[in-house]
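Thanks for coming. I will go through one structure today, starting with the DNA and ending in the protein core.

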2 protein chains.
Amino acid sequence: MSQLISLRERKRTETWVALHAAAAELTLAHGPENVPVEEIAARANVSQRTFFNYFSTKEDAILGLQEPFIDEVWLDGFSVDHDLLEQTSRLLMAVVHSTEGGEPSASRRIEVVRNYPHLRQRRFSYFLRVEQLVKDAVAERIAESPRWQSAAGRHSADETARMVVLVAGAPMRYAFQESINEPTIDNQYLALEGATALLREVLEEIR
Amino acid sequence: MSQLISLRERKRTETWVALHAAAAELTLAHGPENVPVEEIAARANVSQRTFFNYFSTKEDAILGLQEPFIDEVWLDGFSVDHDLLEQTSRLLMAVVHSTEGGEPSASRRIEVVRNYPHLRQRRFSYFLRVEQLVKDAVAERIAESPRWQSAAGRHSADETARMVVLVAGAPMRYAFQESINEPTIDNQYLALEGATALLREVLEEIR
DNA sequence: GAGAAAGATTGCAGCCGCTGCAAGTTTGCA
DNA sequence: TGCAAACTTGCAGCGGCTGCAATCTTTCTC
């Protein structure tokens, strides 16, 4: 009864973490090009073959990326009729935050991403998958909302949701970049606050 | 006097085109995984080694990507005081359009991108570089504009420009996706028109 | 128009990321 | 305790990509 999760499962996440940590640390020390997968695996006490059972790519290991998912809980207070922009923005952030893992790895990841543009790109293209996931969730809600059915007119829920996510994603992209440029801002949520405000200002001004 | 460009230069772009064409065609025929670089090079009558003198990556060759740049001409009518959103959007499109080359390769590229998600991601991350380029151009203009100096208040020109590009980039990302989903729309400019309109509607509704 | 300089192409040898397979080991469950 | 499912591992191999040094082609200069 003490073990809510099986030994197997525990072991698995353990080596996952070990591999990610090893990959990130070695990368920070020597640069991604100078760190063979073999070395990463060795540092985590597994074979090279096992490494590729956990990550399909060396870059994924360095960044500690895993399949994004949406926890139903995050959708609890979610209403498309109120502050849709900010809510969607937060939902995006929640997904990224959960799959990227908070913990000490956060600052490590930021430093990695800051130093190596190639990895930055990888992270952004990971964000694309997240956006798609969120888009589907939002589209579903919009489709159910009476308000949007009349309002959005000739556009489908999916089309509208896609655009909403694109706009709502802007603060998050911005926050990504901000955390790269502004090392002192560790907490990306902070950057996100500022970005959302800035977004509103820009939209106001652009009108 | 007949040769405004040197023979060397002509030859170079010739084999560039040949390589890109070979890569794209073979990919459409057999899928990117089943097309070794050796085969692409052979079809373009060059050695494999030469291939890598032209493209740093097989994927780049398939998509025909090259370093993005901003032609000064495109900035002629550009004013940050009027329709900034649409103008920036068009600037983004101009850059992408010029570097991706119009010609017959356009429809080929769309098909490639539609069929292979991995290449789609590559194209998107290419778009990131374009955005950064455009951001710098816009930031410069904003910095010079009296209107923005008073308006944007506590944000720097660079910050503001970054956000503007992010929002203005939304229709373009949307158009990318649209051209993927809606095969009949060959001309991405058309998709862009619709996307910009949709963006305005969404912004209106979201308020 | 000859010869030097600059640029492009090529083969070769080799590193390393990544994969499929088949055998071995560990964990979960009845 | 014994079987099934999950996980690890070694091995052999493909193929993308690189540096290097030799050769060939275009351009420049006088």
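I call a residue near a strand if one of its heavy atoms lies within 4 Å of it. The model is predicted, so to speak of local features I need pLDDT of at least 70, and side-chain atom pairs count only at pLDDT 80 or more, while totals for chains, interfaces and linings use all residues. Residues are numbered from 1 along each chain as its sequence is written, chains are lettered from A and ligands numbered from 1 in the order written, and side-chain values use heavy atoms, without hydrogens and water.

Around DNA strand C there are 20 residues, and A:K11, A:R49, A:K58, B:S47 and B:T50 come nearest.

Now the phosphate oxygens. One is 2.7 Å from a polar backbone atom of A:K58, and one is 3.2 Å from a backbone N or O atom of A:V37.

Last, the core. A nonpolar core is a set of buried Ala, Val, Leu, Ile, Met, Phe, Trp, Tyr and Cys residues joined through side-chain atoms within 4.5 Å, where buried means under 20% relative accessible area, with a 1.4 Å probe and protein chains only. The largest one has 114 residues, and A:M163 and B:M163 touch the most other members.

Notes. Polar contact = N/O pair within 3.5 Å; in protein donor to acceptor, adjacent residues only side chain to side chain. Buried < 20%, exposed > 50% of the residue type's maximum accessible area, 1.4 Å probe, protein only.
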